[in-house]
Amino acid sequence: MHVATSRAEPTAALPRAAPARLPARLGPVALGPLALAGCGIACAALVLLLPPVLTGTTGFPLGSLRGAAVFAAAAAAIGLALGQLQAVLRRKTLLAEGNAELWNAVLAGTSVGIALVEGELSGATRFQVVNRALCATLGRAEDELRRLALSELVHRDDLPMLLRHAAHSRGGTIEVRLLARSQRVVWAEVSSARLTATGGPARSVWQIHDITAARAADSELLQVLESERAAADTLRSLDRQHRELLSAISHDLRTPVTAALGYAELLAEGDFGPLTEAQQKTMDIVARSLTNLSRIISELTVIAPELTREPMPVATLSVDAVIEDAVQMVALQAAMRNQAIVRHRHADTELLITGDEVRLGRAVVNLLTNAVKFTPEGGTVEVAVRHEGNEVAISIADDGDGIPIEDQHRIFDRFYRAPRATEDGQISGSGLGLAIVKAIAVQHGGSIELSSAPGDGATFTLRLPLLERMPSTRRADALRLG
């Protein structure tokens, strides 16, 4: 159903391809029949009344030369006045035509939809003027857009809001849904401005900008964010489950390890009989290893940031001593694979650091254990110590297959294992070793680095702040200070 327009004479529909045109009332200025009749009566009155007034007679002085001259002068003046009036009207007409053409050019050339609305706003209101951009946005011809009421072009849930916004015309924009051809929804940003002078008919111009693509992009972004939020919740849940599992494992392991440590200490102290020198040395390594294992089990659930907040015993340590103890703990594992652990010592200078002996030893052991795992049988693991500025660099290199570049950025993540290790099935591990090394390095103010290329092995470098550099002859005295 179409509601009749409020205009006295409806604007004729333009061809589909024609540019938008302003209404006829905005076109050229011209005198109507009543105005022309009024001008004629005024001119006749002037011709009849002006000569008697100028000659001082009561009648029209047609028979005198003076009267004829006055009549001719009056007629000439009236003709001149009418000519000037006609020129003024012509200029105003040309100006109005130029303004109309200018507006038509603006409407046709702008890429934003423009519509002119007249009369009081309601659901039955129709557009009086629309431009090509609005036709393209809604996929409708110009005559169709001017024929349809707002209730047929605006989503019913958004129409009341749009009418209130346009009626107040206080600036700003509003987002509404417009109905294009085939009832396709187009999101549009609408702003309106009143053009009506005081006392004139209600008239306003609407600017309509298509924001459907922007709304779709925003919606897609929200979906991505929601997906990432759900993934983060899942990861937090998995991390909590891992921690609970580690806590249960540490609880189950603590009792047998404590019992084994007790018996190892009794054996080392000779409670079950005297030991040879080789046996005593072996039992010392077993007892120290079990002590470290007991502490590792206690710390199994405190990795990364939690580890850094736990109180840590600090002592002055020899880098060579830490490495020597770690090598002894891994030597048997390397020997079983017919591997050699080669140490490159740092000249005759002793490098000292401060920190927790057990945790730093654990970091070096983890690096050595990884190197032994990934070095083929009969291969070599190299350990080197360098003094670099204010740091000590401990490098441990294997001659395995190396680590793919795409996996290197995740190698220090908790529970992460390289795909080759998981696919092979022969290399065991929980994915915690390197994460623990990184946590210990950060706790001691240092860092851990990886250098690797496929087929060329991997080198892990543990960097720690240097406390002091001194000759080896002062090593005993320095360690006693700690």
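**Close-up views of a predicted model**

**View 1. The largest nonpolar core.** In this predicted model, the largest nonpolar core has 38 residues, and those touching the most other members are Val319, Leu367, Leu368, Ile396, Phe460 and Leu462. Two or more residues each come from α10 (319–336), β8 (349–355), α11 (357–374), β9 (380–388), β10 (391–397), α14 (433–443) and β12 (458–465). Helix α11 gives this core its largest share, 8 residues. As background, nonpolar side chains in soluble globular proteins tend to be buried together.

**View 2. Around leucine 368.** Which residues does leucine 368 touch, leaving aside those up to four places away in sequence? Its partners are Ala326, Val327, Val330, Val381, Val383 and Ile396.

View 3. Leucine 221 lies in helix α7 (residues 212–268). Its relative accessibility is 48%, so leucine 221 counts as partly exposed.

**View 4. How confident is the model, and where?** Mean pLDDT for the chain is 75, with 64% of its residues at 70 or more. Confidence is highest in β12, at 94, and lowest in helix α15 (residues 475–481), at a mean of 41. Please read two stretches with their confidence in mind. Over residues 1–19, pLDDT stays under 50, and the model has 32 contacts beyond four places in sequence for them. Residues 473–482 also stay under 50, with 12 such contacts.

Technical notes:
Residues numbered from 1 in each chain as written. Predicted model: local features only at pLDDT ≥ 70, side-chain atom pairs only at ≥ 80, totals over all residues. Heavy atoms only, no water. Helix = DSSP H or I, 4+ residues; strand = E, 2+ residues; numbered from the N terminus. Buried < 20%, exposed > 50% of the residue type's maximum accessible area, 1.4 Å probe, protein only. Core = buried A, V, L, I, M, F, W, Y, C linked by side-chain atoms within 4.5 Å. Contact = heavy atoms within 4.5 Å. pLDDT = per-residue confidence, 0-100.
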